[in-house]
Amino acid sequence: MNARKINAKAVSENRFRKLLLTLRSAGIPLNTHSITTLRSAYNVIVPVSFYITCLSGFMDFLVSSDLKELMKSSRVVFGMGVVMWQHFFLSYRKRDIEHLISLTDSFTWEEVPTRDPETGRLTMVGYIQIAQSFARYYPACILLIHFLQSGVRMVRNREMMITKWYPFDSSASPAYEIVNLTQVFAAILIACVFGGFLSLYATLVCVACSQLEKLKGALLDIRQTHIILQQDCGAETNGEEHPHTPEEVFHRMQKQLNDCIRHHQQIKQFMQAFEDSWSTVQCGVFLLILTALCSVVFSFITSWGDHVDLVQATLIFLHWSCILILTCWLGNELSVLAESVRDAAWGCDWVGTPVPFQRCLIFIIAVANKEFALTAGKFVPVSNSTMLNMMNQSISFFMFLLYMKDNNREANHGI
């Protein structure tokens with residue numbers, strides 16, 4: 001039993017190597033057999049440094065007296081809030097995540113092409129590779145940019161890596177060096193958790209979608225098998241082979257359908273486990289992203305006229321928007337593919353088949369007919385409609401603030 005578990009972990013390690021390495025860099029020991037003393041110390045130092053930096057950032061937000069500076073600080077605070085919520089989930093639901101990863105051991109997708117042979121578009125297997133690469137390159141790019149621009153400021157002006165409030169003089173040695181060291185660890189965790197969480201979500205959703213695509217193809221192959229074998233029934237033979245009888249044709253079709261039913265049950269089990277473990281964290285992420293979008297919009301209005309700050313606010317808004325769009329698009333694709341299995345099953349050549357075959361086909365259609373949707377908190381679907389609603393809310397808030405700003409300006413000119 002232990003050997004089987006170790007072998008399963010080895011398969012997962014090979015498939016999700018980049019993703020697991022990124023999450024382990026954030027101090028989250030996912031899918032590990034044993035942990036060394038040095039690794040254990042690292043897993044403690046990194047999150048402690050992160051939460052100390054978060055606390056100082058929250059205090060910096062509270063002590064800000066100027067509205068413009070307050071809203072600029074809010075961008076960092078809400079960003080850290082999202083990462084804190086994601087880190088809490090990845091740390092305390094580690095077993096659930098490892099269970100989800102272990103469920104993928106029964107799936108295969110390596111043989112599936114990354115691009116559709118007919119349309120040339122990326123398949124979900126292709127998106128799995130992109131999600132895995134994102135887990136490696138996103139944190140590396142973010143950390144490189146952050147360390148370069150912070151290093152320049154630190155050398156020129158002896159500033160902190162991340163400007164935060166501390167209850168002591170952080171500009172004097174050795175407090176200055178210690179504070180910056182904790183902020184280095186905090187930056188590593190922020191980049192790795194943010195990139196790793198999004199990559200983990202995208203990878204698991206794409207795995208489910210790739211299996212649904214395989215299932216659709218297998219169901220459509222049943223019809224093709226029926227047509228080909230029926231043509232072979234009346235074919236002449238050379239004495240070594242005999243034509244397929246109707247019983248042999250239906251037996252082969254029944255075997256294919258049984259394999260499809262088992263595969264469909266495994267996919268449904270995986271999707272339900274994913275929904276059960278991811279629904280709560282997704283609710284918190286959506287609420288924090290919506291709050292962050294509104295905060296950035298408010299900051300955009302308060303920084304009106306400061307072109308550098310407006311560019312920064314715009315980039316942050318686009319960053320949160322892209323994450324929201326990607327998350328909802330993947331959830332919507334999973335729902336669409338889960339529903340398309342019903343149509344693929346109905347498209348089988350079932351007319352004239354034996355009653356047992358038709359009953360099995362009705363079973364898979366009935367199961368696929370139950371609508372499946374990833375949710376945030378079991379009440380908000382992770383879909384394109386939810387994304388549009390959140391974007392509309394933030395843009396409406398921006399238009400309202402802009403309207404109020406114009407009215408105040410006209411009133412002041414009138415006075």
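**Close-up views of a predicted model**

Glu-275 counts as buried, at 6% relative accessibility (buried means under 20% relative accessible area, exposed over 50% and partly exposed in between, with a 1.4 Å probe and protein chains only). The structure is a predicted model, in which local features need pLDDT of at least 70 and side-chain atom pairs count only at pLDDT 80 or more, while totals for chains, interfaces and linings use all residues. Residues are numbered from 1 along each chain as its sequence is written, and side-chain values use heavy atoms, with hydrogens and water left out.

**View A. Salt bridge between Glu-275 and Lys-378.** The two side chains meet at 3.4 Å, N to O (a salt bridge is a side-chain nitrogen of Lys or Arg within 4 Å of a carboxyl oxygen of Asp or Glu). Glu-275 lies in helix H8 (residues 246-302) and Lys-378 in the loop between strand E1 (375-376) and strand E2 (380-381), so the pair ties together parts that are 103 residues apart in sequence. Helices (H or I, at least four residues) and strands (E, at least two) are DSSP runs, numbered from the N terminus.

**View B. Salt bridge between Glu-111 and Lys-214.** The closest N and O atoms are 2.8 Å apart. Because Glu-111 is in the loop between helix H5 (94-103) and helix H6 (124-157) and Lys-214 is in helix H7, this pair ties together parts that are 103 residues apart in sequence. Lys-214 is partly exposed, at 24% relative accessibility.

**View C. Salt bridge between Arg-93 and Asp-96.** Here the closest N and O atoms are 2.5 Å apart. Arg-93 is partly exposed at 29% relative accessibility, and Asp-96 is partly exposed at 31%. A search of the whole structure finds 11 salt bridges.

View D. Cys-209 is buried, with a relative accessible area of 0%. Leaving aside residues up to four places away in sequence, Cys-209 touches Met-124, Glu-333, Leu-334 and Leu-337 (contact means heavy atoms within 4.5 Å).

**View E. Nonpolar surface patch of about 510 Å².** Tyr-51, Met-84, Trp-85, Phe-88 and Tyr-92 make the patch. Patches consist of residues with over 30% relative accessible area and no salt bridge, like charges being joined within 9 Å and nonpolar side chains (Val, Leu, Ile, Met, Phe, Trp, Tyr) within 5 Å. Helix H4 (residues 67-92) gives the largest share, four residues. Tyr-51 is in helix H3 (residues 37-63) and is partly exposed, at 32% relative accessibility.

Terms used. Accessible areas come from the Shrake-Rupley method with a 1.4 Å probe; for residues, only the protein chains shown count as cover.
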